[in-house]
Amino acid sequence: MKGRVLVVDDDLALAEMLGIVLRNEGLEVHHVADGSSAIGAFREHRPDLVLLDVMLPGIDGLEVCRQIRAESGVPIVMLTARTDTVDVVVGLESGADDYVVKPFKPQELIARVRARLRRGDEPEPERLTIGDLAIDVAGHSVTRGDERLSLTPLEFDLLVALARKPWQVFTREVLLEQVWGYRHAGDTRLVNVHVQRLRSKIEHDPERPEIVVTVRGVGYKAGQA
Amino acid sequence: MLLGLLVVSALGGVLYQQIASGLERDKIDTAQSEALALTAQAQATWDASTATSVDALDLAAFDIMRRILTAPGSNPSRYVVMSRSAGNDSDIVLASLRSGSLDLSEVSPELQAAVAASPGRQQTQMSEVTVGGENLPAVIIGSVVLVPNAGPYDLYFIYPLGQEVATMDLITNSFAIAGLTLTLLVGAVAWVVTRQVVAPVRRASEVAQRLSAGKLNERMPSRGEDDLALLATSFNAMADSLQSQIRQLEGLSAVQQRFVSDVSHELRTPLTTIRMAVDVIHDSRTGFDPSVARSAELLAGELDRFEELLADLLEISRFDAGAAALDVETVDLRSPLLRVVEATRPLADRRGSVVTLHLPDEPAEAEVDERRVERILRNLVVNAIEHGEGRPVDIHVGIGSDAVAVVVEDHGVGLRPGEAANVFTRFWRADPARARTTGGTGLGLSISLEDARLHHGWLQAWGERGVGSRFRLTLPQRAGATLHGSPLPLSPNEEP
């Protein structure tokens, strides 16, 4: 696995340990210890993934997440000590793609990181349509007519997963496995939050979605073209 | 007020009676002495008279009547009637005379008879007469004069009590006004007393109500040095003491909850570092000395237990703090059950237990928090496998009209009498002497029970020594509904 990872965490022991584990996986790791210097380090190193602690001195993790998301679709994985619904949902809504709850196993973290970095490994030319949208998988672009829609890589993966099998209803668990790379049961709220974010970007009316349709009691599927 | 009015009326009545009777007696006395004097005067005049003829006697009688007996003024104080006595058998008959508008018809026959019976004595009677169209009480006095040559004649003096009636009217009016004034005064005094005494008591009651409604800053105003001020002071002292105790308890509880939560969270970051370090060491243990390698394995294993315990403690503290929230959606209970059975298959294989699912064909749907329900089911299944001693584990699903139920049944050691109630107690172990070969934190069933309660559901245990134990989870199909029964029996001998 190759790539650059920016670790934003104020706990130096944990940050160093994260560095050891990630370098063992062949990744290049940079570290900052507080929120205020995070955005500068992000611009300097242009990482392929950001590991972000929620509780930070200076600017807190959620705000850092919003700032990074404002200028980049780079995958962001949050590190959190809290699993309460509100904390997780707020974290996801501020733009994080995924989260890992402390204490986590290194394999678990690496699986999350790998799932987010994996993309781009299979650049086979493929063109898909979903609703009135055209997807260029290799070129990572989604267009409606001449208009190019700006999606984060995660939202792009989510849309591609649905578009590849328009006849299939995806349960949240299946999406967690295919898009997020969870091998065991994960938090289905991840799917809910990101489907909402995706809809707000691609649907004509996010209140009445036509491209990503909810199948009550089961999951989601691509809408009829 | 009413009582005051009654007292005043009664008092007024008695006084009125006394005054009235006094006045009346006085009038009778006056009338009697006046009549006596007048009768004597008339008798003396008659005795001095020399008239012998009827005409002369009539004239004399008229003269006596006019000069002596008739009272002066247009509204005379007395009326006099002279008439021939009943027993007079003289040949000379004089005309009956009267001084005013009243005649013999006003005099009752009883009085006339009494006068006739004892001519030498004065007779008195109370009666009613009509003067100027007005009914008035009157004193009538009868006496007899001896008219020379013409025999005895009755003299009746009629004294109407007009003056006295007027006086009594005046007194009545005075009494009424005085009574009314007095009553009002009593009312006013009562009102003032109420203001002084009852109002503070009422205020105390209001303050007490506000205090019990949670407004702990409420106090009574305390002024002066009377009993009420003392009451207010004691009341406020009580409120102060209550307030400080409640504040203290609230503070303690909040501090404790914060502490548990903070400790759990603060532990997580170093624990994560340890976790990763241990895993790195554990992964490279093949190159170590055997004892160091074994130590690394033990370290990794115990760290797992430590993490589980911390996670469960945190979950319990969340329930205790009331911070647990339901994330409800419609779930077919068969799917979490299938996942749980799949996930616990390695454990079941190790223990040699066969887990059999008895699922209905139709979906067992209920509005629940899937994550929590799956956690309950996983707990029950893992428990059944661990205490099942390698014997089969059966899982039944029942669907009722308003509830769904899952029964997890093992055929292991079972439970002793009374233990079924204890299995949900935190850190409770069925047999303290038994080696802790089984994992678990001792909090699993406690958390499951809290999860079930959060759904307004039931989690119950049944067990018999040597037969096995059954755990039944019953959940309402609609979130927040109240359960009335379960579609599955708790014990195998019982009808659902």
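The buried residues of helix α1 of chain B pack against α2 (54-69), β4 (134-147), β5 (151-160) and α4 (162-212) of chain B. This is a predicted model, in which local features need pLDDT of at least 70, side-chain atom pairs count only at pLDDT 80 or more, and totals for chains, interfaces and linings use all residues. Residues are numbered from 1 along each chain as its sequence is written, and chains are lettered from A in the order in which they are written.

Reader: Which residues of α1(B) are buried?

Author: They are B:V8, B:A31, B:A35, B:L38, B:T39, B:A42 and B:W46. A residue is buried if 20 or more other C-beta atoms, placed from the backbone, lie within 10 Å of its own.

Reader: What makes A:V50 buried?

Author: A:V50 has 28 other C-beta atoms within 10 Å and is therefore called buried. A:V50 lies in strand β3 (residues 49-53) of chain A; a strand is a DSSP run of E with at least two residues, and a helix a run of H or I with at least four.

Reader: Which residues does A:V50 touch?

Author: Leaving aside residues up to four places away in sequence, A:V50 touches A:L6, A:V8, A:F42, A:I68, A:V74 and A:I76. Contact requires C-beta atoms, placed from the backbone, within 7 Å.

Reader: How many residues of chain B are in contact with chain A?

Author: In chain B, 17 residues are in contact with 17 residues of chain A. Helix α5 (residues 227-283) of chain B gives the largest share of that side, 11 residues.

Note on methods:
Contact = placed C-beta atoms within 7 Å. Buried ≥ 20, exposed ≤ 12 C-beta atoms within 10 Å, placed from the backbone.
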